[in-house]
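Me: I am new to reading structures. Please take one part of this one and go through it closely.

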Amino acid sequence: MPTVVAEHPKKSQILAALEDVDTSFTDVDPLENTMVLNMGPQHPATHGVLRVLIKLDGETVLGSVPELGYLHRGYEKIAENATYHEFIPHTDRLDYLAPLSNNVGYVLAVEKLLGIEIPKRAEYIRVLISEMARVASHLVAVGSMAMDVGALTVLLWTFREREKLLDIYDVLCGARFTTSYTRIGGLLQDWTDTCTAMLTKFLDEFDQDMKEVQQLLFTNRIFIERCENVGYISRQQCIDMGMTGPILRASGVPRDLRRDNPYLVYNDLDFDVITAQESDALARFHVRFSEAMESAKILRQAMQKLPAGPICANETKKVLPRKDRVYTKMEELIHDFMLINMGIDPPVGEVYQGIESSKGEFGIYIVSDGTGQPWRLKIRSPSMVNLSALPVMIKGAMVSDIVAIIGSIDPVMGEADK
Amino acid sequence: MNELILEKLKQRFPESVESSNEFRGDLTVQIKKNHIVKVGEFLKNDPDLQFDMVIDLLGVDMYRPEGRFEVVYNLYSIKNKKFLRLKVLVEEEECIVPSVVSVWSGANWHERETFDMFGIKFAGHPDLRRMYMPEEYQYHPLRKDFPLMGIPDSLPLPRK
């Protein structure tokens with residue numbers, strides 16, 4: 001009987017790549033046939049439009065080739081044809097589970113290029129929003145990973161908690177998802193007492209809710225057996241493959257840009273870098289869970305230390321003026337017109353700024369030619385790099401482990417595909 | 001730290017280092033294209049430097065007659081908590097760079113992406129396919145001569 005491959009007039013490159021993958025894996029009881037299984041791009045457990053081609057021997061994965069690009073929107077090309085301000089809304093759509101930290105990462109890179117110092121209050125608010133984004137993203141990661149292995153309740157609980165954070169986003173910037181909250185040299189709006197009250201209320205309930213999740217999962221035999229020793233990747237492989245974020249920390253490498261290459265005011269805040277040694281799906285789950293708790297600690301400190309003062313740098317040629325002043329003051333109207341139409345005039349040069357987003361190191365590399373639009377803007381997306389370790393993690397696993405492993409990588413395809 | 005890195009590189013590879021500059025505290029070292037693998041191996045294995053991670057690898061289309069493309073390597077040393085940027089120039093006629101996958105396996109997908117977006121080939125890459133664009137696509141979208149709106153009919157509709 002002819003195989004599926006032979007029926008096609010032209011063998012596709014991805015299938016050819018799968019055939020080249022090293023499939024030397026020995027099992028004690030191998031079945032006779034190998035089978036090619038296509039998973040995704042329309043598969044609920046792939047967290048978006050990830051496609052994985054898998055070669056199976058019975059139920060054991062011999063090799064796999066992930067295929068990206070089903071959500072490729074060409075943001076790097078768009079960035080080259082937009083002013084620095086115009087690109088801010090596009091950053092929301094990268095890691096759409098933590099849009100606020102993308103906003104922060106992008107403007108930090110532009111500010112590094114321009115050499116702007118922002119006021120202390122703005123820095124603290126940026127810490128607040130990055131940590132809120134981290135908590136929201138980790139809540140989704142924890143809930144959806146539990147759902148992937150069959151525990152649906154946790155997803156409902158964590159989404160209920162995340163909803164409260166989205167309500168704070170709503171008060172803060174008028175949008176729940178597409179926040180576009182940061183501006184070059186400052187922020188869109190000030191942090192209000194309402195936000196403080198809402199966040200305090202959220203944090204008070206958060207500890208209790210996380211405790212409930214903990215009770216449900218941490219000693220749950222089914223959950224532990226589905227995740228323990230699944231998706232192992234060695235510490236050395238993690239470093240070689242450029243893993244960042246919870247995956248790297250779950251393999252025992254305490255790398256956290258917030259502490260190692262501090263930005264904003266993370267130096268003044270007291271928090272621990274969570275690590276684990278096991279480097280399996282369960283360890284990654286625990287790292288994310290504890291990191292969310294650490295973020296709650298940071299949020300409390302940052303709210304306490306939040307200083308008064310302006311939220312935008314006093315650089316009229318670079319920072320957009322406030323809208324109410326644009327409508328009433330001549331000077332601001334001129335600046336607004338020039339900044340919107342011509343863009344900022346940055347120095348010629350190239351900068352890289354990475355931040356520790358919830359998925360790992362989110363970095364922006366900008367090459368500036370001195371005009372209002374970046375000559376080249378590269379997005380270093382943690383999800384894409386973390387996904388590149390998927391073949392290592394799922395080699396030798398069972399089919400049912402694949403969803404747990406993808407859940408433990410916690411990829412967001414909007415970011416991986418750019 | 002930046003001085004130490006530069007000094008070590010210049011001392012070890014006097015003929016490989018073409019130029020270097022520092023902007024906003026970031027050190028960029030331009031390396032001769034064909035020496036990138038041995039420089040990378042040195043940077044990774046030197047006990048003082050240990051640049052063991054390739055955080056990012058990207059192409060830039062400078063759109064100039066000589067040295068049209070740049071390939072930029074963004075390295076990180078976990079031990080020193082330090083970033084370093086290497087850069088090689090690539091000519092349009094000879095659009096091929098030695099692959100550094102043998103040094104840092106994490107460069108694999110980054111090099112595929114660079115090939116996809118700029119058409120820069122990487123010699124010795126184990127699996128140089130397109131990363132994002134469809135397999136049958138003819139163009140390299142991040143080149144400066146590729147129009148923003150795309151090229152009409154460049155993606156054929158599915159056959160019936």
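The reply below looks at one helix pair and then at its surroundings.

Me: How do helix H8 and helix H13 of chain A pack?

Reply: This is a predicted model, in which local features need pLDDT of at least 70 and side-chain atom pairs count only at pLDDT 80 or more, while totals for chains, interfaces and linings use all residues. Residues are numbered from 1 along each chain as its sequence is written, and chains are lettered from A and ligands numbered from 1 in the order in which they are written.

Helix H8 of chain A covers residues 193-217 and helix H13 of chain A covers residues 281-305. Helices (H or I, at least four residues) and strands (E, at least two) are DSSP runs, numbered from the N terminus. The axes of H8(A) and H13(A) are 11 Å apart, at an angle of about 150°. That angle makes H8(A) roughly antiparallel to H13(A). Axes are lines fitted to C-alpha atoms, for helices over the stretch in contact, and angles run from 0 to 180 degrees between N-to-C directions; under 35 degrees counts as roughly parallel, over 145 as roughly antiparallel, 65 to 115 as roughly perpendicular and the rest as oblique.

From H8(A), the residues A:Thr196, A:Leu199, A:Leu203, A:Phe206 and A:Met210 take part in the contact. Their partners in H13(A) are A:Met293, A:Ala296, A:Leu299, A:Arg300 and A:Met303. Two residues are in contact if their C-beta atoms, placed from the backbone, lie within 7 Å. By class, the contact of H8(A) with H13(A) has eight nonpolar residues, one polar and one charged. Ala, Val, Leu, Ile, Met, Phe, Trp, Tyr, Cys and Pro count as nonpolar, Asp, Glu, Lys and Arg as charged, and the others, Gly among them, as polar.

Of the 418 residues of chain A, 50% count as buried. A residue is buried if 20 or more other C-beta atoms lie within 10 Å of its own, exposed if 12 or fewer, and partly exposed in between. A:Met342 is exposed, with 12 other C-beta atoms within 10 Å. This residue lies in the loop between helix H15 (330-341) and strand E6 (349-356) of chain A. From A:Met342 to A:Ile409 is 67 residues in sequence and 41 Å in space, C-alpha to C-alpha. Among contacts in chain A with a separation of 6 or more, 71% join residues 24 or more positions apart. The C-alpha atoms of chain A fill a box of roughly 80 × 55 × 35 Å, taken along the principal axes.
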